[in-house]
2 protein chains.
Amino acid sequence: MQQELQLSAEDAAEDPTAAPGTVRPGGRTARTRDAVRDAVLTGLAEHGYPGLTVEYVAERSGIHKTTLYRRWGGVEGLVTDALDLAGEDTWTPPDTGSLDGDLRALAREVTDTFGDASAAAGPTAFIAAAFQSERTAEALRGFYAERFTRCETVVRRAVERGEAPPGTDAGAVVRAVSAPLFFRAVVTREPLDAPLADQTAAAVAAAVRAGAYLPAASPEPAD
Amino acid sequence: MQQELQLSAEDAAEDPTAAPGTVRPGGRTARTRDAVRDAVLTGLAEHGYPGLTVEYVAERSGIHKTTLYRRWGGVEGLVTDALDLAGEDTWTPPDTGSLDGDLRALAREVTDTFGDASAAAGPTAFIAAAFQSERTAEALRGFYAERFTRCETVVRRAVERGEAPPGTDAGAVVRAVSAPLFFRAVVTREPLDAPLADQTAAAVAAAVRAGAYLPAASPEPAD
């Protein structure tokens, strides 16, 4: 019965009359990968990494277990590919016309995500899984490195507009805007709200203007 | 054999000739709690929360399983009590004589901890466990709330010295100094070093001086 369900769902995924929105560029392979990614995310959110099994992903995605083992190897491969897929989106950082506005919009994206249980489930599940799987930790590092590289545009534009000193450490700036919000969400377990996002963004913008993110601004370590 | 080991270790804990340094104020109860805490920390670091069992803690601590169940209820009780115990230390924030120095010293404590695998094991294990246990998450929230309340002294002293404007949000300031470091350690999985700690501290100090942590400095949310 379980296997029949899997087969029939897999057949459905090949159906060219599938509902609009379920077909991504790339056809059946991409659809399969999406279905597997969704099942992995649901499984992580429901059971955590220790409880995630290939069997669960097979049942939930409708993709046969043999296919999952062949293409993803196992649970770690499934989780890291879901992260890789998340990194392939077309997200671009906000472009409000000012450094303050862009940093505030970046911070608000974090509070919007972690303030909404269903939006928070995916990132939280990956962050949790990284504690238990070195391959997941490596994939998470890659995901955020790429994501923050995109964010650095915000600082480059601010430098071009004369709002930030040339040489400002863009990577440090965009991480500093997100960090106090992630910190409360996943470490100190405190609530997030929009005023906190705004305060965080305003503080980082003030530090940027003061030149605190210029390489020379860091004091030399004491000898 | 296993049970004998446990009994003999439990007997040893009652031995008044135990090695110096193993006796805390409070006598046998405190020693038992310490032994259990150490076993919980080792177990979390070695096996993670999902792999931690009362049996493991019993074997490792030398405290009989029946005692553990009676006094701590189970794994969640053991983990949350270990966190409570961690919060009972006498740690006080640095007092270097300046806001910049104090924030830098606070940041360096974080990079020193997460830059050293054995020092990082405890906090990392608790942060990871909080994803899988609501009671642990609650205990972790309490631990950090209390810890950051202690840190606020740094900002109060800065206000008294005229280095920070009166009304500065001390809780936000001390979290902002730690957050980018924890963020790299447990979310983006990037390396930490002393220059990063110094940059983080310098940025927060600059934002404090600019008044970015005053309540009125946060822009009103857009309507």
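B:Arg189 is found in the loop between helix H9 (170–186) and helix H10 (194–209) of chain B, where helices are DSSP runs of H or I with at least four residues, numbered from the N terminus. Phi of B:Arg189 is near 60 degrees, a positive value in a residue other than glycine, and B:Arg189 is buried at a relative accessible area of 15% (buried means under 20% relative accessible area, with a 1.4 Å probe and protein chains only). In chain A, A:Arg189 likewise lies in the loop between H9 and H10, has a positive phi of about 60 degrees although it is not a glycine, and counts as buried at 15% relative accessibility.

## Basis of the description

The model is predicted, so that local features need pLDDT of at least 70 and side-chain atom pairs count only at pLDDT 80 or more, whereas totals for chains, interfaces and linings use all residues. Residues are numbered from 1 along each chain as its sequence is written, chains are lettered from A in the order in which they are written, and side-chain values use heavy atoms, with hydrogens and water left out.

## Relation of the two chains

Chain A can be laid on chain B with an RMSD of 0.0 Å by a turn of 180 degrees and a shift of 0.0 Å along the axis, the superposition being by least squares on the C-alpha atoms of residues with pLDDT of at least 70 in both copies. That is the relation of a two-fold axis. The same surface serves both copies, since 98% of the contact residues of chain A recur in chain B (contact means heavy atoms within 4.5 Å).

## The interface

In this interface, 43 residues of chain A are in contact with 42 residues of chain B. Together the chains bury about 3700 Å², 67% of it on carbon and sulfur atoms; buried area is the accessible area (1.4 Å probe) that two parts lose on being put together, summed over both.

Two salt bridges are counted between chain A and chain B, a salt bridge being a side-chain nitrogen of Lys or Arg within 4 Å of a carboxyl oxygen of Asp or Glu. A:Glu190 forms a salt bridge with B:Arg175, and the closest N and O atoms are 2.8 Å apart. Of the elements of chain A, H9(A) gives the most to the side that touches chain B, with nine residues.

Key. Helix = DSSP H or I, 4+ residues; strand = E, 2+ residues; numbered from the N terminus. Buried < 20%, exposed > 50% of the residue type's maximum accessible area, 1.4 Å probe, protein only.
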